[in-house]
Amino acid sequence: EPYKKDNGGGNPGGEPGAGVVMKNVLLEDYTGVRCVNCPAAGQVALNLQEQYEHRVVVLGVHAGPLASVPPTGIYPDFRTDEGTTWFTHFGFDSNPVGTVNRKLNGGVYAYQSTEWTDAVASALQEEAQVEMTPEVTFDNNTRKLDVNVKSKFLAELSGTYSLTVCIMEDSIVGRQEGMGADYTHRHVFRGTINGTWGEDINTTTIAPQDEIVKSYSTTLDADYNADQCYIIAYVSNSESKEVLQVTEKKIK
């Protein structure tokens, strides 16, 4: 990170081979442990991430009626307060369903998994308006996690924008409806570091080349496998919620 592509020899007056910032895509997969159709949707998300070499950042958000856990406790509970709030705010009522950079899809936020491939391909062609550079430090002994995110704006933008920093844990083995007890849950959203909707990062119009740096510290939950945890950070429009840029960084 940040992802850049060869622009054919660099910019005049710039460093040879200086790249052009590429736009990444946040694909949120709203899923549930009791959803029989969700594993197929999760595979679509994983395929897209592999196809585009991680320019597609996947967040598996367990929320909705099929994310609930029966009293027997045989299913893992991946629900979060933030995920439940997002599920309700975006007007969802079933699983699986997704968002693509939280852009509206015909007036709604919901994209069915059959729509993800085309929507992601289209979003990846858009011009990047933000360059994001994450730095992560993790102490194995104390489990203290320090995150520093630099957001460099590449265009003039009016309105208010926010930075949201999330923790994602990958490859958790646990029961999934229709798949048994040894199913591998991918891209599991564990929560945010700086609030459900993040932190507003500007109060005035943003000018090209403006840089905003934010730093956060937290203690990683003892139940999380640090070797499989990632920071996912994104800049979004505070009003519309549309994501302008997203970045992913393994904590170890």
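**Cysteines, fold and backbone**

The structure, which is a predicted model, contains 1 disulfide. The bond joins Cys35 and Cys38, whose sulfur atoms lie 2.3 Å apart. That distance is within the 2.5 Å used as the cut-off for a disulfide, so the pair qualifies. In general, a disulfide is a covalent bond between the sulfur atoms of two cysteines. Here the torsion about the S-S bond of Cys35 and Cys38 is about 90 degrees, and the disulfide is therefore right-handed.

Cys166, by contrast, takes part in no disulfide, and the nearest cysteine sulfur to its own, that of Cys229, is 13 Å away. Cys166 has a relative accessibility of 0%, so it is classed as buried. Cys229 is likewise in no disulfide; for Cys229 the nearest cysteine sulfur is that of Cys166, at 13 Å. Cys229 is buried too, because its relative accessible area is 0%.

The next topic is the chain as a whole. How many helices and strands does the protein chain have? There are 3 helices and 15 strands. The radius of gyration of the protein chain is 18 Å, and the globule rule gives 18 Å for 252 residues; the two values are close, so the chain is as compact as a globular protein of that length. Along the principal axes, the C-alpha atoms fill a box of roughly 65 × 45 × 35 Å.

Of the 252 residues in the protein chain, 48% count as buried. When contacts between residues at least 6 apart in sequence are considered, 68% of them join residues at least 24 apart.

The surface can be described by area and by charge. The protein chain exposes about 11600 Å², and 44% of this area is supplied by carbon and sulfur atoms. The side chains include 20 positive and 34 negative ones, and the centres of these two sets lie 2 Å apart.

The backbone has a few points to look at one by one. Most residues other than glycine have a negative phi, and most peptide bonds are trans. Where is the cis peptide bond that involves Pro96? It runs from Asn95 to Pro96, with omega near -5 degrees. Pro96 sits in the loop between α2 (81-89) and β5 (97-100).

Ser171 is a residue other than glycine with a positive phi, near 55 degrees. The loop that holds Ser171 lies between β8 (161-169) and β9 (172-176).

Gln209 is not a glycine either, yet its phi is positive, at about 80 degrees. Gln209 is located in the loop between β12 (199-200) and β13 (211-219). Its relative accessibility is 46%, so Gln209 also counts as partly exposed.

Conventions
Residues are numbered from 1 along each chain as its sequence is written. This is a predicted model: local features need pLDDT of at least 70, side-chain atom pairs count only at pLDDT 80 or more; totals for chains, interfaces and linings use all residues. Side-chain values use heavy atoms; hydrogens and water are left out. Buried means under 20% relative accessible area, exposed over 50%, partly exposed in between (1.4 Å probe, protein chains only). Helices (H or I, at least four residues) and strands (E, at least two) are DSSP runs, numbered from the N terminus. The radius of gyration is taken over C-alpha atoms; the globule rule is 2.2 Å times the number of residues to the power 0.38. Contact means heavy atoms within 4.5 Å. Accessible areas come from the Shrake-Rupley method with a 1.4 Å probe; for residues, only the protein chains shown count as cover. Lys and Arg count as positive and Asp and Glu as negative; His and the chain ends are not counted. The place of a charge is taken as NZ of Lys, CZ of Arg, CG of Asp or CD of Glu.
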